[in-house]
Amino acid sequence: MNDTQMMQYRRKWLPNTLKYRLFIAYITLLMLPLCIAIYYLFQHFETIRQNDMIDRMSERMQQVYISLTDMMAFSYKANTMLSQDESLIQIMHAPDKYDPFVRKKIIESKMFGINNSFFFHQTELYFRFIDRNGNVYTSYAPNDQLTNERKELQEWQNKLQIGLRPYRWVANDWNDVRGSQGNKLLSLYTMLDDELRGNYGLARISINIQEWFNNTLKDNPVNQDLTIFTGQEEIILQNKESAFGVDSMKRIISSHAKNGHYKDERALSLINYSYVEELDWYVVSQMPLSELQREVKQLRLMIYMFLIILVIVFITVTFFLASRITKPLYVLKRSMEEASDKKLNVKISINQGATDEIRSLSDSFNRMIDDVVLLIAKLKQEERQKQVVRFQMLLYQMNPHFLLNTLNTVKWIARKEKQDAIAGICTSLGLILEASLNSDIELIPLKQEITLLRSYESIQAFRFREQFTIEYETEESVQYALVPKFSLQPLTENSIAHGFNMSEGRGTIWVRARAEGSELVLEVEDNGIGMEEAARNKGRRSGHGIGLSNLRERLELLFKREGVIELISGEEGTLVRIRMPLLIAAPYSQKGDDGHVDDFIGGR
């Protein structure tokens, strides 16, 4: 076959027009690979959808687990409130000293008050007390007449003494509450003890588990079954009879896992479970696979319909536009590249022979360039405004735990100390609050920052009973250097809260300030347990919290890359070093310093 014949063959079987070539390329390069990809996609989609369904079930199971553990936590908290009530301790320790009617009225009012403090909880707590003489008190109307239960008090005392914990959960306690749902209660049994007077009674704090289960099912999906059973394969609660088999129970128990999920081929369902160790309960959620298959079929139909519509629209648009836009598109492409190289400073220019569509596109692109330039300028202005607003918001952030502890300290001082101590701590707190509310000032002299830190130290000294000492080592030349407000307090707070073991002696914190060339160096160092040791202890220093991240962002906003925080931790102690530009602002006058905080904390 010669060259002429080859050209004729290509023209016959390979169209030279753009629209036909686009159509052939679309079928061979797009449609066929797309159909193959969709085929394999549906092969794997069921697994992906199944994992998504498991994630939703896990999220729901976590909500049920949290709800159950929250009820138990309320019972613990109620027990703590009872053990700290001095009037209750006195009555139950010596019941004969009180009139029976008065005694019963006072104790029932205590129960009523605790229940009122938990008004937002899903279910009510049912209290049953037995004092040392066997007198029984309840917060509810019992099914049977109350009798002397001194024998029961002794029996429970013996049970709790041989146990590993000073309390015991009873998951299938008999429901003696008149008119309540179900026949079982979840009860916390604990002996009421006082360090000075010893054991003075028994407390049973019960939860109606059937009532809680019914409230939980209100938010449960219709097609999701919920079952609770024990480690002895005994079903406690379930929303459908025969919804969960014995084989599934054995499989979950034998896994010895606190939570997990699997696909039950025999039951054609997805199963998700969680284990409550203190109760030896398994909370199980079950959803049929038919739900998954239904969603897959619906999605397959939607994709096929979308694919057909896409093919029809693409072919129509290709044949209509290909014959008219080839040459103008080249001009448009060249003009756009020129505009791009000149960073949006050039407008696109189209020849007079261009079609209306291309001309409209050119005009639209030119308007777009103008809008983009205007938008960029507006975005830059908004970004500057956002930085200012964000900086102000960062200054307003304050650790609520610190405020709460301070107020608790004031309350404790009010009961234990005289008015001088209260006035002192209120003065220190007032200085800190006044500085935090003054949002117009972002940088303050180091001398003023040290004063705020001393105020914070005086407050924490009351809280921790002088179990730490802060040593200040600041050069005289930098006392009027400008620093971010509240830059030293979060670092000192980390050392106090996480760095020390307060039961093992007195800790020391060193606060240093010095100039190194054109830089101001601030250091806060403690002789505590160090970051690595604290990370291994639950509740210790696993991070530096909002205070340190707040300070890091404020330094970035104020000094960009010139503001740096360094963390150095060894086997004993942690050092936090801040480097920032040295800015000295000499005061107009050095007269009029109050000095009351220094006087109050000893002027260290």
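Reader: In what order do the strands of the open sheet of five run?

Author: Some ground rules come before that. This is a predicted model, where local features need pLDDT of at least 70, side-chain atom pairs count only at pLDDT 80 or more, and totals for chains, interfaces and linings use all residues. Residues are numbered from 1 along each chain as its sequence is written, and side-chain values use heavy atoms, with hydrogens and water left out. Helices (H or I, at least four residues) and strands (E, at least two) are DSSP runs, numbered from the N terminus. Two strands pair if DSSP finds at least two bridges between them. Here the order is 7-6-10-9-8, with antiparallel pairing.

Reader: Which strands stand at the edges?

Author: Strand 7 (235–238) and strand 8 (259–264) do. Each has a single partner strand, so one side of each lacks a neighbour in the sheet.

Reader: How many bridges join strand 6 to strand 7?

Author: Three, and the two strands run antiparallel. Ile-228 stands opposite Leu-237 in strand 7.

Reader: Now helices. Which residues of helix 4 are buried?

Author: Buried means under 20% relative accessible area, exposed over 50%, and partly exposed in between (1.4 Å probe, protein chains only). An α-helix has 3.6 residues a turn, so residues three or four places apart point the same way. In helix 4 the buried ones are Arg-103, Ile-107, Met-111, Ile-114 and Asn-115. They cover an arc of only 105 degrees around the axis, which puts them on the same side of helix 4. The arc is taken from the directions from helix axis to C-beta atoms.

Reader: What does the face turned away from the buried side carry?

Author: The exposed residues Phe-101, Lys-105 and Phe-112.
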